[in-house]
Amino acid sequence: MKGAVLKEIEKLEIEEVELPEPKENEILIKVKSCAICGTDIKVFHYGHKHIVFPRITGHEVSGIVEKVGKNIKEFKEGDRVAVAPAIPCGKCYYCRKGQQTMCDNLKAIGYHYDGGFAEYMLVPEIAVLNGCVNKIPANLSFELACLAEPLACVINGQILSRIETGDIVLIIGAGPIGILHSLLAKINGAGKIIIADISEGRIKESEFTGCYLIDMNKKDIYDEVKRITDGHMADRVIVAVGSKQAQELSLKLVAKRGSINFFGGLPKESPYIQFDSNLLHYGEFFVVGTHGSTPLHNKIAIELLSSGRIELEKIITHKLPLERIKEGYQIVENKKGLKVLILP
Ligand SMILES: [Zn+2]
Ligand SMILES: [Zn+2]
């Protein structure tokens, strides 16, 4: 089969690799769609502590079951599925508490195991056992289904942000994740939804959401949020970029008793920010972080996509064959589009 193999940092090559053979509790999937995630670009440039080269990356995957191991009863050849890439162990303290994103032994497809930038992908036993494979309803395309993974992470984030009916939600960062947040916030009953970004192009691409938009190059975000919220500021702030400035800024944009979610991580070599803790002390707001999603969040995401209540067609801006994956990376890196799908 053909696969996009990351041989070492910044060396990605399309190669003929051996077709994996599923063992008794494994599933082999013919990949139909795998979306490029911002973290794929990060991994391309900097590697990752859990990746041993050579590795096939790609973790936003949907496809058709090609072959199942002899013990697999729930799935059969021809089933349409999406795969939740983060694999909890199911046994540790956090897994037993139902907080699987915090699993002490978390593994991930595209990191510990080969991912979806290939014609076929093997789903390991532990992923099958922990419910990472979800069937896709007939009305849902493979292209939308592979976006269940980023949507699942956003679902996790908004549960942690405790969005309530009528809340004013401010999202900093108008990339695909920021837009997903705005669409989900609408379903979750948010009152006003505001998206802010420093890129004019990103702001233009967000127009379809119908949210309040703030082009931070042209307008002062503090003044704008104050104006839109009648001076109360935003009940829920979601920082959907990995930016120190945005995180620091969010402390001044949140309403009293509101919440801030640091959804985007900072580079590991410089993770410190200036934190005026008196703002927190007097404002009694909450600061939470989010990373990843559980198999259940992925299942909810599939159901939500299938219901048609969240429309993600507009965030898919490019579809490319596997051979053109490097071009896809460029598009994502240069922010020339929103979601780029690889259709192997
Ligand atoms: Zn992702
Ligand atoms: Zn665990």
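Cysteine 103 is buried, with 21 other C-beta atoms within 10 Å. That count passes the cut-off for burial, which is 20 or more. The model is predicted. The chain holds twelve helices and 18 strands, and the protein is divided into two domains, domain 1 and domain 2.

**Around cysteine 103**

- Cysteine 103 sits in a loop, with α2 (93–96) on one side and β8 (107–108) on the other.
- Beyond its neighbours within four places in sequence, cysteine 103 is in contact with Pro88, Cys89, Cys92, Tyr94 and Cys95.
- Phenylalanine 263 is 160 residues away from cysteine 103 in sequence. In space, the two C-alpha atoms are 18 Å apart.

**Overall dimensions**

- The C-alpha trace spans about 60 × 40 × 40 Å along the principal axes.
- The radius of gyration is 20 Å. A compact globule of 344 residues would have a value near 20 Å, so the protein agrees with that expectation.
- Of the 344 residues, 47% are buried.
- Take the contacts between residues at least 6 apart in sequence: 69% of them join residues at least 24 apart.

**Domains**

- Domain 1 comprises two segments, 2–147 and 312–342. Domain 2 covers 155–289.
- The C-alpha centres of the two domains are 29 Å apart.
- Contact between the domains involves six residues of domain 1 and eight residues of domain 2.

- Strand β11 spans residues 169–172. Val169 and Ile171 point one way, while Leu170 and Ile172 point the other way. All four of these residues are buried.
- β11 runs parallel to strand β12 (residues 193–197), and four bridges join them.
- Two pairings place β11 against β12. Valine 169 has isoleucine 193 as its bridge partner, and isoleucine 172 stands opposite alanine 196.
- Between β11 and β12, the chain passes through helix α6 (residues 176–187). This β-α-β crossover is right-handed.
- β11 also runs parallel to strand β14 (residues 234–239), again through four bridges. Here isoleucine 171 stands opposite isoleucine 238.

- β12 is mostly covered, with five of its five residues buried.
- Both faces of β12 are covered. Ile193, Ile195 and Asp197 lie on one side, and Ile194 and Ala196 on the other.
- Strand β13 (residues 212–215) runs parallel to β12, and four bridges join the two.
- Tyrosine 212 in β13 is the bridge partner of isoleucine 194. Aspartate 197 stands opposite aspartate 215, also in β13.
- Helix α7 (residues 200–205) belongs to a right-handed β-α-β unit with β12 and β13.

**The β2-β1-β4 sheet**

- Three strands make up an open sheet, ordered β2-β1-β4, with antiparallel pairing.
- The edges are β2 (11–16) and β4 (55–56). Each edge strand has a single partner, so one side of each is left without a neighbour in the sheet.
- Strand β1 (residues 2–8) runs antiparallel to β2, and six bridges join the two.
- Within that pairing, glutamate 13 in β2 is the bridge partner of valine 5.

**Points to carry forward**

- Cysteine 103 is a buried loop residue, and its listed contacts include Cys89, Cys92 and Cys95.
- β11 has parallel pairings with β12 and with β14. β12 in turn pairs in parallel with β13.
- Right-handed crossovers link β11 to β12 through α6 and β12 to β13 through α7.
- The β2-β1-β4 sheet, by contrast, is antiparallel.

How values were computed. Residues are numbered from 1 along each chain as its sequence is written. Chains are lettered from A and ligands numbered from 1 in the order in which they are written. This is a predicted model: local features need pLDDT of at least 70, side-chain atom pairs count only at pLDDT 80 or more; totals for chains, interfaces and linings use all residues. Domain bounds come from an automatic or database domain assignment. Two residues are in contact if their C-beta atoms, placed from the backbone, lie within 7 Å. A residue is buried if 20 or more other C-beta atoms lie within 10 Å of its own, exposed if 12 or fewer, and partly exposed in between; C-beta atoms are placed from the backbone. Two strands pair if DSSP finds at least two bridges between them. A crossover is right-handed if, with the strands pointing away from the viewer, the path from the first strand over the helix to the second runs clockwise. The radius of gyration is taken over C-alpha atoms; the globule rule is 2.2 Å times the number of residues to the power 0.38.
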